[in-house]
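This report covers a pocket, a helix and a set of paired strands. Please keep the model open while reading.

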Amino acid sequence: MTIITTILRELIKAGHYTPGQSFRIDIPNPPHTSLVIEDIQEQGPNGYPVISVTQYREPKKRDPEMCFEIYSCEGTIILDPFYWCNDLSGIEEYSRRLQNGAPIIRCDTHLEHHNSAALWNRTLESQGFFAAFSKTLKQEAPAKSPFRRPI
């Protein structure tokens, strides 16, 4: 997801995010549904930190949510999907997970997750979410800060 890796790279550069540390940002972009990016403080199936990328259509209804392991390879941020959920359609699926300590990989589903992420990325780009993020990042008033770090 190019737009998400770009946002994460900018957040890391600005000192707002370190993979594996508690973090959440809400990116409003009317008339579109806000985008929420959050480090969920869990390790993924390969032991890397996990970020959740979500849009909520209704309160507490994810449409969709994808979880990605985040790691760096030769200075490039890699997001590897392993979870997809849409509460409105009642679908929740894992493409990679641990079961009794052993890795379980559903290759067809993992490929679908990559394809879904690419499609969602194009949608977010066409809806102007990077510009919305840039505007959010430039907010100066601490009371309106989009960054939440639980205590």
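Ala, Val, Leu, Ile, Met, Phe, Trp, Tyr, Cys and Pro count here as nonpolar. Asp, Glu, Lys and Arg count as charged, and the others, Gly among them, as polar. The model is predicted.

**The largest pocket**

By that scheme, the lining of the largest pocket divides into 10 nonpolar, four polar and six charged residues. The lining has 20 residues. The space inside is about 300 Å³. Which residues lie nearest the centre of this pocket? They are I40, E42, V50, C67 and Y94.

Strands supply much of the named lining. β2 (32-43), β3 (49-58), β4 (61-73), β5 (76-86) and β7 (96-99) are the elements that give two or more residues each. The largest share comes from β2, with five residues.

**Strand pairing around β2**

β2 pairs with β1 (residues 23-29) in the antiparallel sense. β2 and β3 also run antiparallel. The table sets out the two pairings.

| Pair | Bridges | Residues between strands | Facing residues |
|---|---|---|---|
| β1 and β2 | six | two | I27 opposite L35 |
| β2 and β3 | six | five | E38 opposite S52 |

Each pair is joined as a hairpin. The link from β1 to β2 is two residues. Between β2 and β3 there are five residues, and in that hairpin G47 takes a positive phi near 90 degrees.

**Helix α2**

α2 spans residues 107-126, 20 residues in total. From its first C-alpha to its last, α2 reaches 29 Å. That is close to the 28 Å expected at 1.5 Å a residue.

An α-helix has 3.6 residues a turn, so residues three or four places apart point the same way.

Just after α2 comes G128, with a positive phi of about 80 degrees.

How values were computed: Residues are numbered from 1 along each chain as its sequence is written. This is a predicted model: local features need pLDDT of at least 70, side-chain atom pairs count only at pLDDT 80 or more; totals for chains, interfaces and linings use all residues. Side-chain values use heavy atoms; hydrogens and water are left out. On a 1 Å grid over the protein atoms alone, a cavity is a set of points where a 1.4 Å probe fits but cannot get out, and a pocket is an open set with protein on both sides within 12 Å along at least five of seven lines; lining residues have an atom within 4 Å of a point. Grid points are joined across faces, edges and corners, and a volume is the space filled by probe spheres set on the points. Helices (H or I, at least four residues) and strands (E, at least two) are DSSP runs, numbered from the N terminus. The expected span of a helix is 1.5 Å times one less than its number of residues. Two strands pair if DSSP finds at least two bridges between them.
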